[in-house]
Amino acid sequence: MIIDHPLLGPRDAAEFVYLGDARLIDRPDWQGEDAARQFHDYLHVRDNPAGEHRELWFHEHGDRSWLVVTRNTLTHEIIRVELARDVALSLGRSR
Amino acid sequence: MRYSALQVLKEGLTGNRGWKPVWREPDPKPHYDVVVVGGGGHGIATAYYLATVHGLTDVAVLEKSWLGSGNVGRNTTIIRSNYMLPGNEPFYELSMQLWEGLEQELNYNAMVSQRGIINLYHTDPQRDAAVRRGNAMLLAGADAVLLDRAALQRKCPFLDFDNERFPIKGGLWQPRGGTVRHDAVVWGYARGADRRGVDVIQNCEVTGFDIRNGVCRGVETVRGTIGANKVAVCVAGSSSQVMGLAGLRLPIESHVLQACVTEGLKPAIPGVITFGAGHFYVSQSDKGGLVFGGDIDGYNTYAQRGNLPTVEDVCEGGMALMPMIGRARVLRMWGGVVDMSMDGSPFIDRTPVTGLYFSGGWCYGGFKATPAGGYCLAHLVATGTSHPVAAAMRLDRFAAGAMIDEKGMGAQANLH
């Protein structure tokens, strides 16, 4: 698989480390009402879709940036690549 | 027909005209006592033990493709019970004991070959870990032998003992481990289940569950609705998809595990050798091919094929361990989609839906667990209580803080 890095251009997926579902950006509020249940789901439960999947890849053997890659889990086709930083900021994180 | 040497001789002399198909191809009935979803090793074994141990013969196994078309025919055929944790090891040892009696019980040649499995160690701490694991195995009734470098050298002189990065100091040997002809396991179980009245139904994909007021009353399939008092799902690799039809989200990611086989070579490798530090394990099939693999690719996929960097990594591991295989040519490589659970251990449990049971999360180790997986799921479905050796394999164990994390990796599916 070739990941089209937004800053560096096309890079071999072997340069990256895979973390998992991009929802891991959305860390629950630890002070929330049912924080224990939310953290259980956040840590352990996954949608695991067959088809389009947004996921976090880390460019370990490169510029060490986190990417959000939208990829088809049935075909390995990579549909979209964004900087995880941009995604997190657009979600209102890191204010 | 009962298989025997005499039968082979007789058929050989009479043109082999007496062999019959070993299971029927029935149409689904409108209702069964138990419906098992998934005609792989675990599903068909579950049906077999429901019939033989619990006397439940009003059972159907629904398979979306042909019997054994999934992971039971894609694994590298290794059996072993060299786990460590109390929630796992007694279960895998039960499985090993069932393997040892399987061919006699099924009257089917599954080529169970206890040629031994060796896990290599390279450092003092790894040796300590091997001793600890070996003791845990002995406590659970399994067998384990610590081999030092000299003993290992006598068994496997071809290993690169003085490798610069991972010098081999010895290994933990389980003599009762080995390999089994994986397809024959499905065929043998299917024949045994069919003879006792279980309907094995192929090309019958489940498309939904009939759930009313929190009770599962049957399944929707491409061949119509089939009612059932109880439904057991054994579809590892696709667990999230199938259980999603019942509205459940699981602590599972689907990943691909690749394997390779070389051309047939003269007998060289005495058993199964695992080189965890180098992401490589190997055995030699009865036809002579080196069957080997390594780690999962590491990203979510349902594609049943992987990518080349992992194959390269596996082959590099093989070259580091036993340079003698450098001239062997790889004939085929393939991939299977596995349920990677969040602690690397499986589930055999009831679900929040009454009457719906689940077996999955087998990671890359489901094949060796086939007999005990079927045995314990049948026990759960028939009696309503977990079998003692599978009592820790609960779906709610993450919420309860009772993970079975052999590697101590935490909730990161692709690291287990």
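Which residue in β6(B) is the bridge partner of I118(B)? The partner is W173(B), and the strands around that pair are one of the topics below. This is a predicted model, in which local features need pLDDT of at least 70 and side-chain atom pairs count only at pLDDT 80 or more, while totals for chains, interfaces and linings use all residues. Residues are numbered from 1 along each chain as its sequence is written, and chains are lettered from A and ligands numbered from 1 in the order in which they are written.

**Chain A overall**

- Chain A has two helices and six strands; helices (H or I, at least four residues) and strands (E, at least two) are DSSP runs, numbered from the N terminus.
- Reading from the N terminus, the order of elements is β-β-β-α-β-β-β-α.
- Along the principal axes, the C-alpha atoms of chain A fill a box of roughly 45 × 30 × 20 Å.
- Of the 95 residues in chain A, 19% are buried. Here, buried means that 20 or more other C-beta atoms lie within 10 Å of the residue's own, exposed means 12 or fewer, and partly exposed is in between, with C-beta atoms placed from the backbone.
- Take the contacts in chain A with a separation of 6 or more: 50% of them join residues 24 or more positions apart. A contact means that the C-beta atoms of two residues, placed from the backbone, lie within 7 Å.

**The sheet in chain A**

- Four strands of chain A make an open antiparallel sheet, ordered β3-β4-β5-β6. Two strands pair if DSSP finds at least two bridges between them.
- β3 and β6 (78-83) of chain A are at the edges with a single partner strand each, so one side of each has no neighbour in the sheet.
- From one strand to the next, the twist averages 30°, using axes that are lines fitted to C-alpha atoms (for helices over the stretch in contact) and angles from 0 to 180 degrees between N-to-C directions.
- β4(A) and β5 (residues 66-72) of chain A run antiparallel and are joined by seven bridges. In that pairing, F58(A) sits opposite W66(A).

**Where chain A meets chain B**

- Chain A puts 19 residues into the contact, and chain B puts in 22 residues.
- On the chain A side, β3 (17-21), α1 (35-44) and β4 (52-58) each supply at least two residues. The most comes from α1(A), with three residues.
- That side of chain A has eight nonpolar, eight polar and three charged residues. Ala, Val, Leu, Ile, Met, Phe, Trp, Tyr, Cys and Pro count as nonpolar, Asp, Glu, Lys and Arg as charged, and the others, Gly among them, as polar.

**Two domains in chain B**

- Chain B splits into domain 1 (20-81 + 83-107 + 182-251 + 343-415) and domain 2 (117-177 + 253-341); the bounds come from an automatic or database domain assignment.
- The C-alpha centres of the two domains of chain B are 27 Å apart.
- Across the boundary, 31 residues of domain 1 of chain B touch 28 residues of domain 2 of chain B.
- On the domain 1 side, β3 (78-79), α3 (89-106) and α7 (239-244) of chain B each give at least two residues, and α3(B) has the largest share, four residues.
- By class, that domain 1 side holds 13 nonpolar, 13 polar and five charged residues.

**Buried elements of chain B**

- Eleven of the twelve residues of α2(B) are buried, including H42(B), Y48(B) and Y49(B).
- The buried residues of α2(B) pack against elements of chain B including β1 (31-37), α6 (182-195) and α9 (370-383).
- Strand β6 (residues 170-174) of chain B is largely enclosed by the rest of the structure, because five of its five residues are buried.
- G170(B), L172(B) and Q174(B) point one way from β6(B), while G171(B) and W173(B) point the other way.
- β6(B) runs antiparallel to β4 (residues 117-121) of chain B, with five bridges, and pairs in the antiparallel sense with β5 (residues 145-148) of chain B over four bridges.
- W173(B) has V145(B) opposite it.

**Positive phi in chain B loops**

- N213(B) is not a glycine, yet has a positive phi of about 50°. N213(B) lies in the loop between β9 (206-212) and β10 (215-221) of chain B, and counts as exposed because it has 6 C-beta neighbours inside 10 Å.
- H279(B), also not a glycine, has a positive phi of about 55°. H279(B) is in the loop between β13 (272-275) and β14 (280-284) of chain B, and its 18 C-beta neighbours inside 10 Å make it partly exposed.
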